[in-house]
Amino acid sequence: MPRINLGSWAKSAVDWLQSHLSWLFDAISTVLTGMYDGVHAVLSAPDALLMAGILAVVAWWLRGLAAAVLAFAGLALIDSFRLWDQATSTLSLILVASVITLVLAVPLGIWAARDRRVSKALRPVLDVMQTMPAFVYLIPGVMFFSIGPMPGLIATIVFSMPPGVRMTELGIRQVDGELVEAARAFGTTPRDTLLRVQLPLALPTIMAGVNQVIMLALSMVVIASMAGAGGLGEAVYSAVTQVDIGAGVESGLAVVVLAMYLDRMTGALGTRVSPLGRRGAAKAASADRTPAFLRYRPGTAVATVGVVVLALVAGGMHLVRGGDRESVAAGKDIGRGKTVRIGYFPWDEAVASTYLWQNVLEARGYKPQVKQLDPGPLYTALAQGQMDVQFDSWLPTTHKQYWDRYGDKLSDLGTWYGPTSLELTVPSYMKDVNSLEDLKGRSGEFGGKIVGIEASAGMMGKLNGNVLKDYGLDGEYKVVSSSTSTMLAELDRALKKKEPIVTTLWSPHWAYGTYDLKKLKDPKGAWGKGEELHSIGKKDFAKEFPRVAEWVKGFKMSEKDLASLEAEIQKGGKGHEKESAGRWLNARPGLLDKMAPVTS
Amino acid sequence: MSRLKAEHLYKVFGRRPEAAVKRLEGGASRDELRADGTTAAVIDASFEVQAGEIFVVMGLSGSGKSTLLRMLNGLLDPTSGSVCYDGRDLTALTPRELRDVRSRNISMVFQHFALFPHRSVLENAAYGLEVRGVPRVERERRAAEALELAGLAGWERSWPDELSGGMQQRVGLARALATDADLLLMDESFSALDPLIRRDMQDQLLDLQKRLKKTIVFITHDLNEAMRLGDRIAVMRDGRIVQNGTAEDILVRPANDYVASFIQDVDRSRVLTAGSVMTEGAVDAATTTVGADTPLADLFGPLAQGTPVAVRGDDGGIAGVVTRERLLAALGEQPAEVTAGA
């Protein structure tokens, strides 16, 4: 079988689209981002609890008092987790994605229901949309639409469209053929047959599809956050990568609350909008024995008044409160409010350096915006100038693949930490194992496996390619690739049970501060030289931010400083990284002026 | 002039239907076509229906009767042949004109009622008028009248699923009547009902027909129903009309063995009339006089007393007499003798 170079064709197709259709992507992006911003502005305008109240009134209208109370409690819980902002942006993303999905899916479903050939042609397309892993089109999404909510929005729309189309088609096909024939026999036009007979009768099935669309959209939030969509997905993602169980549970629960709210509301909406559903609900209500006050549901008019009143209260509060602005000491306002976009992925030293610089740049009058992204999207964004700078580039090994691809579109702003090291690590209680040489012949003890990280990571290639060979360990040990967080969880588990374990790890890493670990010596130098942490800017960063580029060039950190900064941020907890880094900075008088001297 | 006239109707499903029609006209059989993957549902059907007449198409399932019915209002396009309604060739109309005919002149009653479950009884009955664009107040008034005709006054606000089968079909009937269409197509409309209800509905249809004088094409697989309702009956088999005549024609002179085998189960005493079995001539000692269209079943009582029954002719005078022997011979499935005597 000859090699079919589908992959390289796809790549050139993406390149071509990128260079020739950018106006189209820009237009789409403008529209969708506008919708997203609009919805987000509305949802995040009122205070959290007020908004929760508005959503609870909607729940009351659709489902009754019990649902309203539960909805309010759940949403208040999200606020108490300090995840309200993330929740509103997630909710906006889902609402916009769902609306667009439905606008596309329902007509497609109708078309497919009326024409067998369309249905046949659509089926494989829908299969691809539903099963193609989202990561595959996330990066092209970033190339076309830049980071932010857009790639996530696109990925969500692609993924959640199929059930919308399928359920619409199924719903219409399920309508009794005799009813359609009856409509025709009385002279109904095809269009009216659709509007008066087929759609109303298909509505319960279509609404089940709507429900599915929303649920699938919600399941995409984590993936969307990897391309900068933010929201609860980002909270989940960073909690997972940092093995922060507590934050993981809280942000996960917040997703669940939103899911349940949206699921119940769309379910109830189904019975509200469809005549058949209303009939069913009326029948069920007459057989219901729960107390009347629980069953009471405000009419549409009453509910609308409730929502409007709460919204007006929110607007009023907003007016009273508005107008506070931070001020920057005179003479030190070098940035003059200029925005610097800093990207980072949730690695500890990246978080530490990013939030430290956020404090520094703010003190100098810049407006730094920080955004968490996966490495792939972040490098893509930098290369395209949609992101200004990031501080955690591991070169020359770990991020070699990105540098190879985008190196000519990036600028290296200097190194601030080094050398790093890659190593295999065992717990300190493994007394006899001190060097890579000691691993030989002990595979039985370790179960024959070395716990690795993501198969794509540069160090995994090095481990399999050089290290195991040099020490004659290949064949004896198997490197299990998983993910960084899985590796850390596995390490945590083994340490608690005092079991033997050998894992890949690197320095700097907070695990060395948290656990009692031992780096295995590498007398043969198989891991190669250590790496440096580079600050990487977009191509013309130095031209656009000459002072910042200067400051970043002079930026250096010792292992001790970095460890204490990471510890301070760890102590401050999730969501307070900026304040923690600020506290750390303020505790070191003179450091600010050293990092960002006012006079050049 | 006939209200509805079908001429050489063919309906073939499958590939290249026109070629199949040619072969059928050339004498090919239905089975030969089936071997090639095409299905001839209706073959060379011609008939006329007079205004105010109930024309019944009788046949077993698969005989093509429902397909034939659907060609009469254009739900199915004939592969060949024409349908004339009031002198207009329906097969030549544009889709828009055809929809107009359906909403004004031809309405339909379905086997499984086909009521819209998301509409109330009144809204269902008003459907045809709504499609035609009649204003709400007027269409609801006319729908309510139709419901009253169908015996459903007071049920306007109910929903179809709250009604029994018989009542649902009355809604179906009211929906068809509300448009004031002259031609009613009824597709096995009573077949889904249980026997007692079915009988009620048949009676009601006959009763309505006396008052409204619609033109009705009624499809059924039940020969008893056909005989009860039909002014004329067409018997279909394998897509062809094998006999077309009055109930008595079919009972007394079945066109072939197939029809003959069918009529074995028919209650002859309810189909045959005094007029068709009487012997013409003088009457002596007749104590009872009946009309010529009285079913034989109603003569059992009088004849049991031994005296012959006199039969009144169209002019009101005595036209003939039915004796006990005559009656028994007619019921005895001896078509030839009855015919001879008729």
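A residue is called buried if 20 or more other C-beta atoms lie within 10 Å of its own, exposed if 12 or fewer, and partly exposed in between, with C-beta atoms placed from the backbone. The model is a predicted one, where local features need pLDDT of at least 70 and side-chain atom pairs count only at pLDDT 80 or more, while totals for chains, interfaces and linings use all residues. Residues are numbered from 1 along each chain as its sequence is written, and chains are lettered from A and ligands numbered from 1 in the order in which they are written.

**Two loops of chain B**

Select Asp86(B). It sits in the loop between β4 (80-85) and β5 (88-89) of chain B; helices (H or I, at least four residues) and strands (E, at least two) are DSSP runs, numbered from the N terminus. Is Asp86(B) buried or partly exposed? It is partly exposed, because 16 other C-beta atoms lie within 10 Å.

Now go to Glu188(B), in the loop between β7 (183-187) and α9 (195-212) of chain B. Here too a residue other than glycine has a positive phi, near 45°. Glu188(B) counts as buried because 20 other C-beta atoms are within 10 Å.

**A sheet in chain B**

Select β6, β7, β8, β3, β9 and β10 of chain B: in that order, these 6 strands form an open sheet with mixed pairing. Two strands pair if DSSP finds at least two bridges between them. Strands of a sheet pair through backbone hydrogen bonds, either parallel or antiparallel. Zoom in on β9 (residues 232-237) of chain B, which runs antiparallel to β10(B) and is joined to it by 5 bridges. Ile233(B) has Gly245(B) in β10(B) as its bridge partner.

**The nonpolar cores**

A nonpolar core is a set of buried Ala, Val, Leu, Ile, Met, Phe, Trp, Tyr and Cys residues joined through C-beta atoms within 7 Å. The largest one has 238 residues, and Leu55(A), Ala59(A), Ala125(B), Leu147(B) and Ala174(B) touch the most other members. Helix α5 (residues 84-114) of chain A supplies the largest share of this core, 14 residues. Apart from it lies another core of 30 residues, including Leu422(A) and Ile450(A).

**Where the chains meet**

Two residues are in contact if their C-beta atoms, placed from the backbone, lie within 7 Å. The contact takes 17 residues from chain A and 19 residues from chain B. On the side of chain A that touches chain B, α9 (177-185), α10 (190-219) and α14 (275-287) of chain A give two or more residues each. The most, 6 residues, come from α9(A).

**Domains 3 and 4 of chain A**

Colour domain 3 (339-419 + 533-595) and domain 4 (421-519) of chain A; the bounds come from an automatic or database domain assignment. Their centres, taken over C-alpha atoms, are separated by 29 Å. Which helix gives the most to the side of domain 3 of chain A that touches domain 4 of chain A? It is α25(A), with 6 residues.

**Two cis bonds**

Finish at Gly418(A) and Pro419(A), whose peptide bond is cis, with omega near -10°. Another cis peptide bond joins Ser507(A) and Pro508(A), with omega about 5°.
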